[in-house]
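Subject: Structure handover

Hello,

Here is the structure I promised you. Please open it alongside this note. My findings follow below.

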Amino acid sequence: MIGVAREVGGVRIGELAKATGTTARALRHYEQAGLISCERAANGYRVYDERAVVRVGNIRYLLAAGLTLDDVRVFLTCLDGDVAAAPPSDRGLQVAQERLAVLNERIAAQTQARDRLEAALQQAVENPGATAPTPY
């Protein structure tokens with residue numbers, strides 16, 4: 001079946017998923033978000049340009065860095081090359097700074113929750129019969 005995709009000059013969704021360490025579902029999601037595109041073979045199968053491997057790799061790199069799919073759209077012009085080495089745009093820097101602020105807020109909230117839980121557990125171990133403090 002790989003021959004069908006090769007005849008129209010690309011790779012099918014399963015091949016792209018395997019080559020990029022992702023899933024066909026994620027690829028369809030990226031396509032729906034406008035981050036990747038495909039052609040349709042005569043049999044209706046999605047066929048991606050072989051350069052999509054680099055693009056999907058870059059999308060996954062940016063997602064792993066904490067960006068959202070909406071954030072990744074800002075980087076469309078450099079997704080087909082080495083996104084990590086591309087010169088930053090003003091908008092790209094702004095998006096990254098905004099996302100970093102959101103991540104820092106989430107980390108602070110999770111750290112506070114962990115500290116409250118740790119304190120409650122410590123009190124429970126040290127005073128097994130005591131009533132636990134209100135967590136807020």
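Let me start with the largest pocket. Its lining counts 21 residues, and Leu62, Leu67, Phe75, Gly92 and Ala96 lie nearest the centre. Its volume is about 420 Å³. Please keep in mind that this is a predicted model.

Which helix supplies the largest share of that lining? It is α6, with 7 residues. Helix α6 spans residues 90–126, and both α6 and α4 supply at least two lining residues each. By class, the lining has 16 nonpolar residues, 4 polar ones and 1 charged one.

Now the overall layout. The protein chain has 6 helices and 3 strands. Along the sequence they follow the pattern α-β-α-α-β-β-α-α-α. The chain has 136 residues, and 26% of them are buried. Take the contacts with a sequence separation of 6 or more: 48% of these link residues 24 or more positions apart.

Next, the sheet. The 3 strands form an open sheet, ordered β1-β3-β2, with antiparallel pairing. Strands β1 (11–12) and β2 (39–40) are at the edges with a single partner strand each, so one side of each has no neighbour in the sheet. Strands of a sheet pair through backbone hydrogen bonds, either parallel or antiparallel. Here, β1 and β3 (residues 46–48) run antiparallel and are joined by 2 bridges. Look for Arg12, which stands opposite Val47 in β3.

On to the core. The largest nonpolar core holds 24 residues. Within this core, Leu27, Tyr30, Tyr48 and Ile59 have the most contacts. Four helices each supply at least two of its residues: α2 (13–20), α3 (24–32), α4 (52–64) and α5 (69–72). Helix α4 gives the most, with 4 residues. In soluble globular proteins, nonpolar side chains tend to be buried together.

Tyr48 deserves a click. Set aside its neighbours within four places in sequence. Tyr48 then contacts Gly10, Val11, Arg12, Ile13 and Leu16, and also Leu27, Glu31, Ile36, Ser37 and Cys38.

Val83 sits in the loop between α5 and α6. Is Val83 buried or exposed? Its relative accessibility is 9%, and the cut-off for buried is under 20%, so Val83 counts as buried. What does Val83 touch, leaving out residues up to four places away in sequence? The partners are Asn58, Tyr61, Leu62 and Cys78. Asn58 is 25 residues from Val83 in sequence, yet their C-alpha atoms are 6.3 Å apart in space. Leu62 is also one of the residues that lie nearest the centre of the largest pocket.

Best wishes

Conventions: Residues numbered from 1 in each chain as written. Predicted model: local features only at pLDDT ≥ 70, side-chain atom pairs only at ≥ 80, totals over all residues. Heavy atoms only, no water. Pairing = 2+ DSSP bridges. Core = buried A, V, L, I, M, F, W, Y, C linked by side-chain atoms within 4.5 Å. Buried < 20%, exposed > 50% of the residue type's maximum accessible area, 1.4 Å probe, protein only. Contact = heavy atoms within 4.5 Å. 1 Å grid on protein atoms, 1.4 Å probe; cavity = no way out; pocket = protein on both sides within 12 Å on 5 of 7 lines; lining within 4 Å. Points joined across faces, edges and corners; volume = space filled by probe spheres on them. Nonpolar A, V, L, I, M, F, W, Y, C, P; charged D, E, K, R; others polar.
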